[in-house]
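User: I am new to this model and would like a close look at one part of it. Please keep the answer brisk.

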Amino acid sequence: MSDVKLVVCHECDLICHEVSLHVGEAACCPRCHARLFHRNRSTLDQTLALAFTTAILFFIMNTFPLMSLHLQQNTRETSLFGAALAMWDREMHVLCLLVILTTIVAPALQIGIEIYILAYIKWGTRIQTTSLPMMILQKLRPWSMVEVFMLGLLVSLVKLKDLADIIVGPAFWSCAGLIVVSAIMGGMLTPRNVWMWSQERKSHVNC
Ligand SMILES: [Zn+2]
């Protein structure tokens, strides 16, 4: 009885028996035809490697200059945190705190929790403890808005290009890379995949 696996359709609440899929296949609800789940090619090691990549890109994004402005013999460099502090100096306190929250604090927590979950499945022994971090991660993801910041940055670059010479720094390219890698990570680090990797690890430990 415990071997029977059930899955609930998120559209019509129909309870279905889980079927085993080949890589690339998807299971659909027999009543409303909504997509229940699919099996992708991502493995735990690939996802863990991508998680470490996001951590490196995030470190570069927050350590190196975002851009340099050359205007009338003057050169000014700014970092992500420096840009946020400049908002604080101009009395835009709420905006400054929002930028810090959505581009530094939330992504840092997100990356940390992602690495914790994956490392725990890979090397940990008490596999059940990934459920709480996974729930926190699901709540945290909407607050991570690096792509919105990037969009604002691109708009400001277009507006400033006629006024000054602009050289984009390593943090800019890291920010762009982080958006791409995070999007791929979002598709790989799903609750279903975490559950599947946990079960595989569990059966491997019990063998
Ligand atoms: Zn359905």
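Which kind of crossing, left-handed or right-handed, does H5 make as it passes H6?

Analyst: H5 passes H6 in a left-handed crossing. Left-handed means that the near helix is turned anticlockwise from the far one by less than a right angle, while clockwise is right-handed. This is a predicted model, where local features need pLDDT of at least 70, side-chain atom pairs count at pLDDT 80 or more, and totals for chains, interfaces and linings use all residues. Residues are numbered from 1 along each chain as its sequence is written, and side-chain values use heavy atoms, with hydrogens and water left out.

Start with the two helices. H5 covers residues 146-160 and H6 covers residues 170-188. Helices are DSSP runs (H or I, at least four residues), strands are E runs of at least two, and both are numbered from the N terminus. The axes of H5 and H6 lie 10 Å apart, at an angle of about 140°. An axis is a line fitted to C-alpha atoms, for helices over the stretch in contact, and angles run from 0 to 180 degrees between N-to-C directions. H5 and H6 are therefore oblique to each other (under 35 degrees is roughly parallel, over 145 roughly antiparallel, 65 to 115 roughly perpendicular, the rest oblique).

Now the side chains. H5 brings Val146, Glu147, Met150, Leu153, Leu154 and Leu157. From H6 come Phe172, Cys175, Ala176, Leu178 and Ile179. Contact means heavy atoms within 4.5 Å. By class, the residues of this contact are 10 nonpolar, no polar and one charged (Ala, Val, Leu, Ile, Met, Phe, Trp, Tyr, Cys and Pro are nonpolar; Asp, Glu, Lys and Arg charged; the others, Gly among them, polar).

The axes of H1 and H3 come within 10 Å and cross at roughly 150°. That makes H1 roughly antiparallel to H3. This crossing is also left-handed. H1 contributes residues including Leu44, Phe52 and Phe58, and H3 residues including Ile104, Ile111 and Trp123. The contact of H1 with H3 has 16 nonpolar, four polar and two charged residues.

H3 also holds glutamate 114. Glutamate 114 is buried, with a relative accessible area of 3% (buried is under 20%, exposed over 50%, partly exposed in between, with a 1.4 Å probe and protein chains only). Beyond its neighbours within four places in sequence, glutamate 114 contacts Leu137, Arg141, Met185 and Leu189.

Follow that link to leucine 137. Leucine 137 sits in helix H4, residues 131-140. Leucine 137 is buried, at 0% relative accessible area. Residues up to four places away aside, leucine 137 touches Gln110, Ile113, Glu114, Ile117 and Leu189. The C-alpha atoms of leucine 137 and isoleucine 113 are 6.7 Å apart, though 24 residues separate the two along the chain.

Glutamate 91 lies in the loop between helix H2 (80-89) and H3. Glutamate 91 counts as exposed at 61% relative accessibility. Aspartate 13 lies in the loop between strands S1 and S2, and is exposed at 57%. Phi is near 65° in glutamate 91 and near 65° in aspartate 13.

Last, confidence. The chain has a mean pLDDT (the predictor's confidence in each residue, from 0 to 100) of 86, and 95% of its residues reach 70 or more. H1 has the highest mean, 94, and helix H7 (residues 191-206) the lowest, 79.
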